[in-house]
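Here are my notes on the model you sent over.

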Amino acid sequence: MIPIDPLKFDHSKFHRLLLGSIAPRPIALASTIDADGNPNLSPFSFFNAFGVNPATLIFSPSRRGRDNTTKHTYQNLREIPEVVINVVTYNMVQQVSLSSTEYPKGVNEFVKAGLTPLQSERIRPYRVSESPVQIECKVREIIETGDGPGAGNLVICDILLMHVDQSVLNDKQEIDQEKIDLVGRMGGDYYVRTSGNAKFIVPKPLSSMGIGIDRLPEKIRFSPFLSGNDLGQMGNLEELPDKDLIQNFGENTQLKAQISSNHNNVFTLAKNWIAEGRPADALALLMAFV
Ligand SMILES: Cc1cc2nc3c(=O)[nH]c(=O)nc-3n(C[C@H](O)[C@H](O)[C@H](O)COP(=O)(O)O)c2cc1C
């Protein structure tokens, strides 16, 4: 490992290290207006949600690294502390990227990026019609993390009203992750699209509490054939497999033949079963033969 002390490292290089490793990041397409009512639109990926009571979003239009100037979004929020945060989907990502162009103050990025402004209900900045989730917010506080180049300006927002397009909801009125097709920002020019097999499911840890990897027999726990992901799924079982199941596998002639031809087969088979969502069977198999 290479130790890197941010105090002794070039800011822009450290910024790139952060962007490349704290990723993928959600993107807030922030719509603001200045005191004269000129709209402004820009994306920010130093962004997330931080609680629901009160419902809070935070994003950071940072000071520019090259000349320590502040961004129009930040300036507008100091004038009119209201913002619509719009989520970004694959269908609009090129326009969103275009809206990040550093146009002079007063230039309307809705126009430049060809996105459609929609009147908000509780605040003055416009929503972005193309975004399936538009969140009207009032700024509670702005925390400046510093005053030098690259310093963050944490804009802490209270959510006043969230608009959700019916078409991205499932029948439980929750956001359907297959339908919404969000994108995230990574390092360099990389983005990630959350569709197809870019998405995968990790079942939540058991509320009844899994046994933990430490309870797996040592020969299994320290096997070079099993990955951390394999062990994690077996550690999430409610209990160790019962003796009968282990014995059944141990006496199964087909399994015995398969494994005696090459002992590593037991691990290959166990890994396949884990991948198929059968970690309990996999653990019983391993306990029978390892
Ligand atoms: C996807 C994406 C994410 C971005 N995230 C940030 C960010 O978190 N903070 C930031 O200061 N700039 C970020 N930028 C750059 C700003 O969007 C860019 O500086 C923009 O011109 C600021 O516009 P404004 O001056 O109108 O506020 C991002 C750009 C893109 C394309």
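1. **Ground rules.** Residues are numbered from 1 along each chain as its sequence is written. This is a predicted model, so local features need pLDDT of at least 70, side-chain atom pairs count only at pLDDT 80 or more, and totals for chains, interfaces and linings use all residues.

2. **Domains.** The protein chain is assigned domain 1 (6-198) and domain 2 (213-289), with bounds that come from an automatic or database domain assignment. The C-alpha centres of domain 1 and domain 2 are 46 Å apart.

3. **Ligand shell.** What surrounds the ligand? There are 17 residues around it, and S42, F46, H72, T73 and S100 are the closest; a residue is near a molecule if its C-beta atom, placed from the backbone, lies within 6 Å of it. By type, the shell has five nonpolar, nine polar and three charged residues. For the bookkeeping, Ala, Val, Leu, Ile, Met, Phe, Trp, Tyr, Cys and Pro count as nonpolar, Asp, Glu, Lys and Arg as charged, and the others, Gly among them, as polar. Strand 3 (39-44) and helix 2 (72-79) each supply at least two shell residues, and strand 3 gives the largest share, four residues. Helices (H or I, at least four residues) and strands (E, at least two) are DSSP runs, numbered from the N terminus.

4. Contact here means C-beta atoms, placed from the backbone, within 7 Å, while axes are lines fitted to C-alpha atoms, for helices over the stretch in contact, with angles from 0 to 180 degrees between N-to-C directions.

5. **Strand 6, buried or exposed?** Six of its six residues are buried, so strand 6 is largely enclosed by the rest of the structure. Buried means 20 or more other C-beta atoms within 10 Å of the residue's own, exposed means 12 or fewer, and partly exposed is in between, with C-beta atoms placed from the backbone. E82, V84 and N86 point one way and V83, I85 and V87 the other, all of them buried.

6. Four bridges tie it to strand 5 (residues 55-59) in the antiparallel sense, and A49 stands opposite L57. Strand 4 and strand 5 make a hairpin with two residues between them.

7. **Y126.** This one is in the loop between strand 7 (117-118) and strand 8 (127-128). Y126 is buried, with 22 other C-beta atoms within 10 Å. Leaving out residues up to four places away in sequence, Y126 touches S31, P39, V84, F110, P117, L118, Q119 and S120.

8. A second open sheet has three antiparallel strands in the order 1-11-12. Strand 1 (25-26) and strand 12 (191-193) are the edges with a single partner strand each, so one side of each is left without a neighbour in the sheet. Strand 1 and strand 11 (residues 183-185) pair over two bridges, where R25 stands opposite R185.

9. **Helix 11.** Nine of the 11 residues of helix 11 (residues 279-289) are buried, so the helix is largely enclosed by the rest of the structure. Among the buried ones are P279, L283, L286 and F289. The buried residues of helix 11 pack against helix 6 (218-221), helix 7 (228-235), helix 8 (243-251), helix 9 (253-261) and helix 10 (265-275).

Definitions and conventions:
Two strands pair if DSSP finds at least two bridges between them. Two residues are in contact if their C-beta atoms, placed from the backbone, lie within 7 Å.
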